[in-house]
Amino acid sequence: MPGRVPHFELVFFLTMEAFGRIHPSQRHYGQWQQMSNHERQLHLEDIADLYVQTARKYDHSAIFFHAPGGWDNYWDQCRRCLDCIRNQSGQEYFLMMHGDATYSIPDGQGMVEFVEKIADNPQGTKDQAQAWVESALKNGADMRKHGALDGFALCSDYCFNTNPFLSPAMFDEFVTPYLAQLTRGYKEMGLYVIKHTDGNIMPIVDSLVGTHPHALHSLDPQGGVDIAQMKQRFGKQLCLIGNVNCALMDTGTDQQVIESVRYCLKNASPGGGYIFSTSNCIYTGMNLKRYELMLDVWRNESATYNIA
């Protein structure tokens with residue numbers, strides 16, 4: 001819509017509440033192996049239809065394709081489903097999927113093992129990172145050749161609300177070079193790159209920006225990330241995405257949600273280079289009315305702040 005800053009959400013999980021249909025990533029595909037090719041195609045078309053309906057209803061400018069689990073021939077099924085989305089929507093939406101291959105915060109069971117690995121075998125840790133990047137770039141080249149995909153969202157999370165999971169020096173040793181290589185490789189293919197990570201990115205923000213993604217998401221206010229500061233420091237280097245406070249969407253008042261939306265629009269919109277979204281995603285359990293309130297403010301007031 002002319003005058004509005006663009007909007008999308010990395011994932012919109014409330015498809016049951018909005019459409020009466022389970023989100024594709026939450027579906028069980030235990031019987032996928034038994035399906036005929038015709039049944040599989042119907043499933044792929046249904047998934048594509050849900051993504052397109054979501055984008056159209058909520059005025060998204062992009063679709064993040066979140067592939068279900070349980071598929072055999074994973075990349076082939078992804079290509080088929082992306083084709084279904086394109087067939088249903090043409091070039092209406094920027095179409096992306098997950099494409100990160102860098103180390104992220106280990107879960108509780110894997111944290112000790114990871115710490116031991118980087119302490120006892122740092123070169124082996126780096127060799128693994130390099131192998132992951134090379135594999136991701138090979139898959140990216142195949143997807144680019146297929147033609148349906150516009151870019152990748154790199155969704156490895158690096159930060160808690162307090163700090164990154166690695167010190168800045170260790171992050172620059174075990175993550176930054178491989179993130180830079182991955183980003184550069186995708187860009188050389190002609191693909192766009194959005195880097196996502198929640199939490200307090202400020203101790204490593206220069207490293208993140210220095211890997212030169214096209215955009216940075218989610219600029220988490222719960223991690224102390226101020227969109228006004230980010231716009232001032234990096235607004236001419238890359239696109240900023242996010243910063244509407246997800247915590248307030250759950251526990252705040254309507255007025256606090258409205259104020260968070262207005263703060264983002266006021267401080268990030270002028271001059272362009274901003275995509276409006278929450279600081280995470282529209283996750284399961286969120287009150288859909290709060291998301292709709294957020295969008296109402298964006299629809300009615302975005303043009304006020306979107307000054308080139």
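Hi everyone, let's start with a pair of helices: H3 and H5 pack at an angle of about 30°, with their axes 11 Å apart. Axes here are lines fitted to C-alpha atoms, for helices over the stretch in contact, and angles run from 0 to 180 degrees between N-to-C directions. Helices (H or I, at least four residues) and strands (E, at least two) are DSSP runs, numbered from the N terminus. The crossing of these two, H3 and H5, is right-handed, a term for the near helix being turned clockwise from the far one by less than a right angle. On the H3 side the contact (heavy atoms within 4.5 Å) is made by Trp75, Arg79, Leu82 and Asp83, and on the H5 side by Asn139, Asp142, Met143 and His146.

A quick word on the source. This is a predicted model, where local features need pLDDT of at least 70 and side-chain atom pairs count only at pLDDT 80 or more, while totals for chains, interfaces and linings use all residues. Residues are numbered from 1 along each chain as its sequence is written, and side-chain values use heavy atoms, with hydrogens and water left out.

Because aspartate 142 and lysine 138 are four residues apart in helix H5 (residues 122-146), about one helical turn separates them. Aspartate 142 is partly exposed at 35% relative accessible area, and lysine 138 is exposed at 54%. For the cut-offs, buried is under 20% relative accessible area, exposed is over 50%, and partly exposed is in between (1.4 Å probe, protein chains only).

How many salt bridges are there by this rule? The count is 15. One of them joins arginine 40 to aspartate 72, with the closest N and O atoms 3.2 Å apart. Arginine 40 sits in helix H2 and aspartate 72 in the loop between E1 and H3, so this pair ties together parts 32 residues apart in sequence. Is arginine 40 buried or exposed? Arginine 40 is buried, with a relative accessible area of 8%.

Another bridge links aspartate 100 and lysine 195, at 2.7 Å from N to O. Aspartate 100 is in the loop between strand E2 (94-98) and helix H4 (111-120), and lysine 195 is in strand E4 (residues 192-196), so the pair ties together parts 95 residues apart in sequence. Aspartate 100 and lysine 195 are both buried.

Back to H2, residues 37-57. Its 21 residues reach 30 Å from first C-alpha to last, close to the 30 Å expected at 1.5 Å a residue, where the expected span is 1.5 Å times one less than the number of residues. Its buried residues include Leu44, Ile47 and Leu50, and the buried residues of H2 pack against helix H1 (15-19), strand E1 (62-65) and helix H3 (74-89). Just after H2, aspartate 59 takes a positive phi of about 55°.

The largest nonpolar core has 85 residues, and Phe65, Trp71 and Phe276 have the most contacts inside it. Such a core is a set of buried Ala, Val, Leu, Ile, Met, Phe, Trp, Tyr and Cys residues joined through side-chain atoms within 4.5 Å. Helix H12 (residues 288-305) gives the most to this core, with seven residues. A second, separate core of 14 residues includes Phe64 and Ile275.

Methods: A salt bridge is a side-chain nitrogen of Lys or Arg within 4 Å of a carboxyl oxygen of Asp or Glu.
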